[in-house]
Amino acid sequence: METTQQKYQSLTTKEQLHIVHRLLGFAAQYRQSFLLSMVAVLVQSVMNMLLPRFLQHYMDTYLVRTTLAEKIIIVSAAFYLLGVIIRSAAQFTTTFAFNMGSEYMLESLRRALFAKLHRLGMSYFDRTPAGSIVSRVNNDTASIADFMQVFLSGMVGIFAIVTAFIAMWLTDRTAALAVLAFLPLLILSIWVYSKYSSSAYRYMRQKLSEINTRISETIQGIEIIQNFRQQPRIRQEFEQTNQEYLQSRRSMIKINSLLLSPIVNLLYTLALIAALYVLGLHTHLGLLQAGMIYAFTTYISQFFNPITNMMDNLSFFQDGVVAGYRSFKILDSQEYGPQQTVADNTPCITAGAIEFRHVSFAYPNGPEVLHDISFKVPAGASLGIVGHTGSGKSTLINIMLRFYEYGQGQILIDGHDLRQIPQAQLRQKIGLVLQDSYLFYGDINFNIRLYNQNISDRQIQAAAQLVDADEFIQQLPQQYQTVINPGGSSLSAGQRQLISFARTIAADPKILVLDEATANIDTETEDLIQASLKRMQQGRTTIAIAHRLSTIKHANHILVLDQGRIVEYGTHQSLLQQRGKYYELYKLQEQDAI
Amino acid sequence: MGIFKKLWWFFYKQKRRYLIGILFLFLTALSNLIIPRAIGQFADWANQRQLTAGHLGQLLGIILAAGLGQYIFRYAWRNQIWGGAADLERQLRSQLFWHYLNMDDTFFQRHRIGDLMARCTNDITAVQNVAGIGILTFADSIITGGTTIIAMILFVDWKLTLIAIIPLPFLALMAAVLGRLLHQRFAQAQAAFSQLSNKTQESMTGIKVIKTLGQETEDIADFNQQVDRTIAINRQVNFIDALFDPTTGFIIGLTFVITILYGSHLILQQVITIGQLIAFVGYINNLVWPMFAIGRLFNVLERGNASYDRIQSILHEPSLIAEHPNANLSLNRPDLDFNIQSFTYPDGQQPVLSKVQFTLPFGQTLGIVGRVGSGKSTIVKLLLRRFDQYQGLIKIGGHDIRSYSLDTLLQTIGYVPQTSFLFSTTVQNNIRFGDYATNQQQVQKAAQLGDIDQDIQNLTDGYQTLVGERGISLSGGQKQRVSIARALVKQPQILILDDSTSAVDAKTEVEITHNLRTNAPKQSTIIISQRLRSVMDADQIIVLEAGQIIQRGKHVDLIQQPGWYADMWQRQQMNY
């Protein structure tokens with residue numbers, strides 16, 4: 001997997017600008033916040049110009065006199081205080097308005113991503129690990145929030161620098177130019193800093209990530225490490241990474257100490273010297289007053305102050321651009337699931353009869369996985385599908401459930417073309433039974449009905465009773481309101497499966513599609529599940545993929561697939577008699593039982 | 001403050017570095033005093049028309065020297081102090097890691113992996129902050145604050161100083177209060193973010209279920225609700241965060257106001273000059289950072305203290321695994337004599353094993369079967385000496401297993417666990433995990449015995465393919481076979497297979513068993529399994545139920561006896 005830096009370097013400047021443009025487009029929705037922030041920063045900067053000027057005037061006009069009315073002192077102080085209050089209020093507004101705008105922007109991006117993801121087809125999810133998707137929605141968007149900080153500090157900084165320069169210009173032009181001469185040096189030091197620091201920073205984060213992976217892995221595999229007596233070696237390997245990380249931190253410290261705020265400080269001092277020199281020369285020309293010196297030197301500080309903050313935030317720019325790139329890839333994706341051609345909810349599936357007519361399927365840019373598949377399953381009957389790994393069994397299911405679009409042929413349910421049945425009908429009437437049970441965080445009621453408010457508590461219980469889950473649920477401390485922690489193991493594997501069976505049945509589908517798992521479970525659980533499956537199949541049409549023939553021995557018909565083609569079809573007995581592929585499979589499994 | 005005392009061992013060891021750092025801090029503070037004074041002097045000379053070229057040169061020269069000095073001094077203390085913090089971090093991490101490596105099973109049951117990781121990341125960061133920014137703020141606030149106030153008193157006026165700095169403690173207070181509030185809100189924001197992450201993870205992993213039930217719209221609505229909550233919490237964080245700078249500016253502004261009020265009088269009374277007032281105002285700016293720092297200091301110390309305590313408490317937990325001195329026995333073709341009267345887990349109430357006794361002569365095979373939770377794996381745990389406290393005796397090669405060194409004992413035993421964990425490295429390194437010096441030939445031989453050699457060669461990079469969490473993921477059956485190869489490569493004298501073929505199909509299991517019998521050097525084997533088929537050919541089989549042996553014998557005998565074994569055999573037959 002390529003790193004962020006690699007990705008960043010692979011983007012052309014044009015692409016980067018385009019991404020930044022689109023990101024700002026998301027921000028445009030909340031332009032009021034950002035505009036408010038800009039107005040506030042303008043007020044803030046203007047106050048920063050006025051306050052020193054005010055003191056300059058006060059010092060050079062009043063404090064040079066021999067006497068001064070008390071009233072003038074108090075009124076001046078009051079004005080100054082007012083100015084300070086206005087500036088503080090503006091400062092608060094700048095930061096708060098901007099950050100809220102940024103927050104709304106990033107959340108709207110998250111919402112857009114999540115909604116888009118739900119529209120994508122299973123093909124996307126089958127090839128993308130869930131972890132990386134979560135990263136996009138959660139972590140990348142967080143990078144974009146940091147990215148916006150670049151603009152905040154940039155905006156504040158630029159306003160500060162420009163207004164400070166204007167103030168200096170209005171005070172003494174030559175001195176102002178003397179200070180301005182240092183701007184190129186500043187920009188140079190920013191450029192040098194960002195060059196050295198970004199690669200050092202990345203290296204440091206990479207090492208930290210390595211450290212954390214090592215620790216996590218060590219804890220997970222601790223038994224093996226201890227059983228194989230590998231503690232010394234693992235320790236040595238860790239110490240090496242630990243040391244490398246220390247070195248990288250030391251480099252980072254050095255770079256920051258040399259090139260970050262200390263150098264900005266040094267440039268400030270040099271600019272100060274230059275300005276004072278120019279001002280000093282002016283004493284020969286005319287009046288040079290203390291107050292003016294105070295104001296000018298204050299403006300020089302204000303000119304240099306924001307630089308360090310801006311430099312600090314630079315590193316976020318890169319991450320933000322890459323995060324934007326990845327987010328837009330999802331938002332632009334056209335990898336939708338198969339679409340239906342009818343939109344309303346006229347009921348079409350009543351009995352649940354299934355027919356495949358000459359169906360073929362190939363993955364995009366791939367070989368044909370299913371070829372000329374034809375079979376019929378009458379309503380209420382059961383069909384078992386067997387075959388080696390790669391024979392096309394899972395693909396058949398993916399097609400039936402409209403996870404993937406098939407190529408040629410027709411699929412009919414109760415005589416209606418699969419593509420024309422409304423989506424809602426399909427989802428309601430076809431139930432998928434996965435033997436890898438998936439539970440959600442919530443109570444049992446929630447796990448069985450999920451978000452479907454049409455399922456009453458009684459229906460939930462009825463479903464649970466059907467699959468034999470009601471018994472153990474009643475034993476639990478809060479029965480149906482017991483909260484399930486998917487990561488934990490308070491329920492046994494068998495119990496979890498029964499709950500997911502109840503979920504499928506609660507929707508009362510007419511057709512059941514059964515996708516069997518390959519791993520073996522202990523015999524007791526196995527029996528329980530087989531019994532429940534039998535009950536679930538009553539009164540419903542069933543298509544079952546089986547790895548163990550014992551599951552489908554009693555199916556009305558069995559289909560044998562080999563390399564995408566139907567090679568045998570019949571009942572268990574008739575297939576055994578044929579002494580063909582099915583017979584082979586059967587003998588192989590039976591043999592191991594003896 | 002107690003945390004400084006607790007970390008004294010570190011500061012003492014690094015005293016040279018910290019003393020140098022503080023020295024340079026002091027020098028920085030001194031050079032900080034020069035510029036405001038110089039500007040003030042410049043202003044006065046300008047006002048009094050006494051600004052000659054000589055004077056100008058002097059002033060600029062001093063400012064230049066101060067500026068260069070500052071640069072060098074700052075570099076020096078940053079290097080020393082931040083460097084010290086980085087060192088502490090490395091040390092603590094090292095200590096924790098070595099400790100983890102030597103802890104026993106109960107330790108890992110007491111502490112979830114998330115907590116153990118947090119000790120190594122967040123807690124270490126908090127502690128190293130004490131040695132970094134903690135020391136800095138402590139020293140700097142005293143040094144800079146102190147020298148600046150002294151300068152204000154010396155160069156300007158003590159009365160003005162006292163009055164003007166009245167608002168400044170409020171700066172420290174504000175920093176402390178807001179800092180704590182921010183920390184709390186931030187923790188809430190972290191929690192909300194975590195929840196959102198979990199929600200996304202759940203929806204994406206369970207996408208098939210959601211799609212099948214056609215509930216995408218509702219799921220999106222649920223997500224949006226959580227986003228709304230996140231926004232509300234982040235708003236609070238932003239609010240407090242945005243308060244820091246304005247409040248600082250306001251309090252400093254107050255200081256300026258006081259300075260104007262009282263300072264004006266002093267100027268009119270000619271106690272001080274305008275230049276001195278300008279210098280004074282410059283010094284006030286110097287005080288901002290130290291005041292702010294004091295406020296932050298308490299937060300940093302508090303957090304560092306709590307984290308240090310957490311780390312120390314983990315480091316002080318002892319391990320139950322212990323070596324014994326008489327450790328120079330060696331093992332050769334050992335017999336196993338297992339005789340446990342009773343064993344209870346350290347934090348358990350009931351005995352997990354009672355009166356379990358069996359003998360396994362070298363070279364024979366023992367099968368252990370029984371229901372889930374009957375104690376099968378516990379027997380293995382005792383053999384591996386993961387627990388040493390029990391009533392009874394386990395003898396191997398004629399001696400108590402506790403009298404051998406762990407190295408000797410565990411070299412002799414090859415253990416293949418139920419769940420196969422692969423490390424993020426090459427397949428080759430995973431197989432020769434017990435000894436990286438093993439050559440490819442030996443690795444391959446072990447892989448062949450485990451019937452995984454062919455599969456490995458079919459991978460894109462063969463034996464050099466990266467597996468584990470950061471590599472490609474192998475199927476359950478493949479992982480188990482790699483695990484088996486890993487145990488076999490060191491040619492153990494006792495091989496323990498703990499339900500290690502559950503994900504392997506029947507045909508392959510037969511292959512492996514056959515390989516072990518014919519091609520591997522002679523060894524004792526213990527097979528634990530759910531499938532009776534796997535232990536069929538064992539020289540003896542024991543059936544466990546609630547920690548006790550209820551049946552024993554050979555397969556042919558056991559299927560004749562009415563009991564659990566025969567029952568199970570029937571049922572497992574029917575499933576095929």
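## The interface between the chains

About 12900 Å² is buried between chain B and chain A, and carbon and sulfur atoms give 67% of that area; buried area here is the accessible area (1.4 Å probe) that two parts lose on being put together, summed over both. The model is predicted: local features need pLDDT of at least 70, side-chain atom pairs count only at pLDDT 80 or more, and totals for chains, interfaces and linings use all residues. Residues are numbered from 1 along each chain as its sequence is written, chains are lettered from A and ligands numbered from 1 in the order in which they are written, and side-chain values use heavy atoms, with hydrogens and water left out.

Chain B brings 134 residues to the contact and chain A brings 135 residues, where contact means heavy atoms within 4.5 Å.

## Polar and charged pairs across the interface

Between chain B and chain A there are 5 salt bridges, a salt bridge being a side-chain nitrogen of Lys or Arg within 4 Å of a carboxyl oxygen of Asp or Glu. A:R229 and B:D407 form a salt bridge through their side chains, at 2.7 Å from N to O. The interface of chain B and chain A also has 36 residue pairs in polar contact, both residues at pLDDT 80 or more. A polar contact is a pair of N or O atoms within 3.5 Å; within protein, one must be able to donate a hydrogen and the other to accept it, and residues adjacent in sequence count only if both atoms are side-chain atoms.

On the side of chain B that touches chain A, helix α10 (residues 216-268) of chain B supplies the largest share, 31 residues. Helices (H or I, at least four residues) and strands (E, at least two) are DSSP runs, numbered from the N terminus. That side of chain B consists of 69 nonpolar, 33 polar and 32 charged residues. In this grouping Ala, Val, Leu, Ile, Met, Phe, Trp, Tyr, Cys and Pro count as nonpolar, Asp, Glu, Lys and Arg as charged, and the others, Gly among them, as polar.

## Domains of the two chains

Domain bounds come from an automatic or database domain assignment. Chain A has domain 1 (14-332) and domain 2 (354-593), with 56 Å between their centres, taken over C-alpha atoms. Chain B has domain 1 (2-315) and domain 2 (336-575), and the centres of these domains, taken over C-alpha atoms, are also separated by 56 Å.

## Annotated regions

An unreviewed UniProt entry lists "domain: ABC transmembrane type-1" at residues 19-303 of chain B; such annotations may be inferred rather than shown by experiment, feature names are shortened, and positions are given in the numbering used here. This span is 92% helix and 0% strand, and its end C-alpha atoms lie 24 Å apart.

UniProt (unreviewed entry) also lists "transmembrane region" for chain B, including residues 56-73 and 239-261. Residues 239-261 of chain B are 100% helix and 0% strand, with end C-alpha atoms 33 Å apart.

## A salt bridge within chain A

Over all chains the structure holds 37 salt bridges. One of them joins the side chains of A:E244 and A:K207 at 2.6 Å, N to O. A:E244 belongs to helix α10 (residues 231-259) of chain A and A:K207 to helix α8 (residues 183-220) of chain A, so this pair ties together parts that are 37 residues apart in sequence.
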